[in-house]
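Subject: Structure for your review

Dear colleague,

Please find below the structure that I am handing over to you. My notes on what was found in it follow directly after.

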Amino acid sequence: MALATDRNSNIYVSGVTSYALFPVTPGAYQTVAGGSHDLFVTKLDSTGSSLVYSTLIGGQSDEFPTFMRVNNEGELFLAGYTTSANYPTTPGAYQSILGGNADAFLTKLSPAGSSLSYSTYIGGLLADYGESLAFDNSGKVYLTGETSSENYPVTSGAFQSSDAFMQNSFVTKFDIPITNVAPSNPFPRSFVLDQNYPNPFNPSTVIKYSIPVESNVSIKIYNSLGQNIREYNQGVKQPGFYELNFDASGISSGVYFYSLRAVSKDGGKEFIAVKKMVILK
């Protein structure tokens, strides 16, 4: 089982299903079960009320997801292990065939959930389990887990290159090709008001927002009665990512709302968004 969120507060859930009618969405990468237990990846919107996408991923046997993360492009990186000889791999994968009883896998799902950008086995003759991962902005992905394979792949000059006991931990660094992905844009593509963090909070929280065009920006704080209790005129902002530190000292506990209003300098675009936050003292 695994859970993640992205910078827009969308929710990603991954687990295992044996249900033939598990809900999938049109255009999903895999809509039909491949084996007795397939993993699923389901993306819900920030309210948790609707599916953005939902897909199965699996071969003829069993898959078990253990960890996932989402980058700023909306690509999902998934770690776990599989016993399927036909678990889906992509051209250029480090290892395209099952090496033992169970192999770790590293899979990268496209932002729309419709294709695999990268997917590979990694393992030796016995059992290997992917358990966690991390990535950096240059396309490097770090996979960690446990192995009982004496021939688990290691590199020259590794800290430990031979099996020390029945079960060993591993850390493996992948240089994943970045293909069919738009280059990182230093400016946001749309107006976004993020969920404040932390939430609930006491006494301060950070409100982040994104402005794609030069705009006049204001942020207001309201109580549950709709009364305006704070206003922050941010002035004219250039395209970019911004944050406001909201200090609620002197404000009582309760449910509050914050709004962002941004009007482009030419007056052609107006953006208004409202989100809920909780002060807990």
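Four strands, in the order β15-β14-β17-β18, form an open sheet with antiparallel pairing. At its edges stand β15 and β18 (270-279), each with a single partner strand, so one side of each is left without a neighbour in the sheet. From one strand to the next, the twist averages 15°; axes here are lines fitted to C-alpha atoms, for helices over the stretch in contact, and angles run from 0 to 180 degrees between N-to-C directions. Strands (E, at least two residues) and helices (H or I, at least four) are DSSP runs, numbered from the N terminus. Two strands pair if DSSP finds at least two bridges between them. As background, strands of a sheet pair through backbone hydrogen bonds, either parallel or antiparallel.

Please note that this is a predicted model, in which local features need pLDDT of at least 70, side-chain atom pairs count only at pLDDT 80 or more, and totals for chains, interfaces and linings use all residues. Residues are numbered from 1 along each chain as its sequence is written, and side-chain values use heavy atoms, with hydrogens and water left out.

In one of them, 8 bridges join β14 (residues 215-222) to β15 (residues 228-237), and the two run antiparallel. Val217 has Gly235 as its bridge partner in β15, while Tyr222 is partnered by Asn228. There are 5 residues between these strands, and Gly226 takes a positive phi near 85°.

The other hairpin consists of β7 and β8, with 6 residues between them; in its turn, Gly113 has a positive phi of about 70°. Here 6 bridges join β7 (residues 103-109) to β8 in an antiparallel arrangement, and Leu106 is partnered by Thr120 of β8. Strand β8 (residues 116-122) is mostly covered, since 6 of its 7 residues are buried. Buried means under 20% relative accessible area, exposed means over 50%, and partly exposed lies in between (1.4 Å probe, protein chains only).

Most residues other than glycine have a negative phi, and most peptide bonds are trans. Ser9, however, has a positive phi near 70°; this residue lies in the loop between β1 (2-5) and β2 (11-17) and is partly exposed, with a relative accessible area of 21%. Cis peptide bonds join Tyr197 to Pro198, with omega about -5°, and Asn202 to Pro203, also with omega about -5°. Pro198 is placed in the loop between β12 (192-193) and β13, and Pro203 lies in the loop between β12 and β13 as well.

Which strand holds Lys208? Lys208 lies in β13 (residues 204-211), and at 43% relative accessibility this residue counts as partly exposed. Leaving aside neighbours within four places in sequence, Lys208 is in contact (heavy atoms within 4.5 Å) with Val192, Leu193, Asp194, Tyr242 and Glu243. The C-alpha atoms of Lys208 and Tyr197 are separated by 8.6 Å, and the two residues are 11 apart along the chain.

Finally, for the protein as a whole, there are 0 helices and 18 strands. Of its 281 residues, 43% count as buried. The C-alpha atoms fill a box of roughly 65 × 45 × 40 Å, taken along the principal axes.

Yours sincerely
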